[in-house]
Amino acid sequence: MRRESLALAGATIGELRRLLDARELSSVELTEAYLARIAAVDDRIRSFVTVTRDVALEQAGEADRRIAAGEAGPVLGVPMALKDLLSTAGIATTCGSRILQGYHPPYDATVYARLRAAGAVLLGKLNMDEFAMGSSTENSALAITANPWDLATVPGGSSGGSAAAVAAGEAAFTLGSDTGGSVRQPASLCGVVGLKPTYGRVSRFGLIAFASSLDQIGPLTHTVMDAALVLSVIAGQDPLDATSAPVEVPAYVAQFGEDLRGLRVGVPAEYFVEGTEPGVESAVREGIAQLERLGAELVEVSLPSTGYALSTYYIIAPAEVSSNLSRYDGVKYGYRSDDGDDLVETYLSTRDQGFGAEVKRRIMVGTYALSSGYYDAYYLKAQKVRTLIKAEFDAAFERCDVIASPTSPSVAFKIGSRTADPIAMYLSDVFTIPASMAGIPAISVPCGSSDGLPVGMQLIGRAFDEATLLRAAHAYERSTEWHKRQPALVASAGG
Amino acid sequence: MELTLEDVRHIATLARIGLTTEEMETLRGQLGDILAHVSQLNELDTEAIPPTAQVLSLHDVHATDEPRPSYPVDAMLANAPEREGNYFRTKAVLGYET
């Protein structure tokens with residue numbers, strides 16, 4: 001196959017795997033094709049903050065030698081890219097922040113180490129809301145990423161670069177991170193698959209922390225099959241992360257099938273409320289009807305505290321932020337302001353100049369919530385409501401195996417349309433935050449279109465039961481064509 | 001929820017962010033809005049509910065007691081804005097009153 005004619009955009013890991021294993025294409029050729037694709041479209045999308053051309057070609061050459069030696073593996077020689085909060089030794093890692101300007105991590109995140117060991121090829125690092133705080137990628141200090149479906153709209157966030165890169169055919173798959181929806185919501189807005197695994201399923205070592213009790217790394221891919229393949233590479237306990245769970249990683253793909261007989265799908269009334277765009281709701285309802293046509297039984301379930309999850313999140317996450325981000329002091333790495341005469345003035349000016357508005361806002365909210373006299377009223381209260389949210393999911397999963405809902409209440413919105421009102425922006429995550437609070441896995445799969453823009457359906461599963469979640473999402477995907485649709489930019493730009 | 005400029009100044013000092021007066025004025029309104037929004041949690045009776053700090057059932061995870069090499073000093077200091085020998089160099093530490 002000529003690489004000029006290779007239809008990269010939309011190519012799944014499985015399709016690339018066949019080409020690589022049949023020696024119709026080398027990993028170096030494939031990598032060059034993706035690099036050419038990035039060069040051709042990324043001035044319009046701006047997914048990438050760093051392109052690691054030399055690293056990519058070196059890793060691709062090594063992958064070709066491994067393939068020639070007869071080695072096999074799901075991602076061997078497959079080009080991918082990482083959200084820019086995943087540490088990559090010697091390669092700039094910015095978190096989309098001025099305060100990490102010039103920072104080169106001394107070590108690799110465990111997910112990158114595992115992908116490297118499996119032979120994946122790093123094309124570069126992807127744009128994001130600063131320290132993953134945001135739902136539109138507009139909070140990046142480096143660039144504003146555009147949604148490949150409509151360049152005037154946002155790709156969602158905070159893993160907007162990760163979602164847009166897959167949608168635009170700039171990488172076969174990417175990794176993002178999800179604290180309150182930051183993998184699922186951009187996946188929904190960009191028409192790709194996004195999986196947030198169970199808290200503890202994937203090592204967070206080398207993931208630069210946002211909210212440590214919520215953060216989880218997950219793949220963004222063209223298909224559910226690809227998400228399962230990538231998860232199988234990155235999942236599993238890691239001695240470097242004490243919160244990674246000692247739970248066996250099953251063979252996800254082996255459990256895939258065509259129908260969903262025997263599966264009980266919970267439909268919570270609290271996720272079908274005013275405030276969701278009509279086109280989103282009808283697409284998701286049609287998606288749920290399709291699950292039923294595949295043999296699943298629909299069950300009404302109730303999650304009464306859903307409406308409180310957003311408030312719970314906007315206390316707990318900022319509280320953890322105020323603690324985690326205290327490490328940025330202008331002393332050990334990153335940006336330092338030269339203003340002021342002593343060390344505390346260095347802190348004050350470095351942090352004022354180095355952090356963007358949203359990060360400062362959340363540090364301030366978190367500091368307030370943890371400050372003397374307010375701890376019980378805010379932080380402790382939120383932790384108690386978190387218990388309620390988790391208990392309601394536990395009760396619902398007595399009656400069903402997965403829960404179906406919209407991923408986001410809206411399709412991609414216009415760049416700039418929500419930046420003036422923090423609460424309007426926060427509401428973008430109203431359907432993704434509850435699963436984050438409960439630490440349970442959830443996936444967004446393309447399920448329709450509204451105003452020409454993609455709609456995602458969210459499936460939520462039991463803790464550590466990604467297998468059932470992926471099986472349901474895969475059977476759904478196999479029975480529809482939504483995941484095959486591509487933005488016009490992709491179709492017109494060619495390989 | 002109404003915050004005063006003094007409240008905002010106090011939080012900013014705790015958070016070690018040297019906000020400009022203009023930033024503090026903007027944040028005064030925004031923090032007030034956010035705190036008012038999250039105060040909806042007071043509608044819930046949580047008297048008898050225990051808090052959840054994290055969702056895993058893991059507690060007291062111990063690392064295996066095996067020595068392994070540390071990172072080299074030079075690698076750890078390579079990102080320092082300013083270094084002197086094997087130290088991070090900063091401006092004067094003493095003399096500041098909180």
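Visitor: Hi! How many residues of chain B are in contact with chain A?
Guide: 54 residues of chain B touch 66 residues of chain A, where contact means heavy atoms within 4.5 Å. This is a predicted model, in which local features need pLDDT of at least 70, side-chain atom pairs count only at pLDDT 80 or more, and totals for chains, interfaces and linings use all residues. Residues are numbered from 1 along each chain as its sequence is written, chains are lettered from A in the order in which they are written, and side-chain values use heavy atoms, with hydrogens and water left out.

Visitor: How many salt bridges are there between chain B and chain A?
Guide: The count is two, a salt bridge being a side-chain nitrogen of Lys or Arg within 4 Å of a carboxyl oxygen of Asp or Glu. Arg336(A) and Glu82(B) form a salt bridge at 3.0 Å, N to O.

Visitor: And which element of chain B gives the most to the side that touches chain A?
Guide: That is α2(B), with nine residues; helices here are DSSP runs (H or I, at least four residues), numbered from the N terminus.

Visitor: New topic: which residues are closest to the centre of the largest pocket?
Guide: Thr12(A), Thr223(A), Glu477(A), His483(A) and Lys484(A), out of 25 lining residues. On a 1 Å grid over the protein atoms alone, a pocket is an open set of points where a 1.4 Å probe fits, with protein on both sides within 12 Å along at least five of seven lines; lining residues have an atom within 4 Å of a point.

Notes. Helix = DSSP H or I, 4+ residues; strand = E, 2+ residues; numbered from the N terminus.
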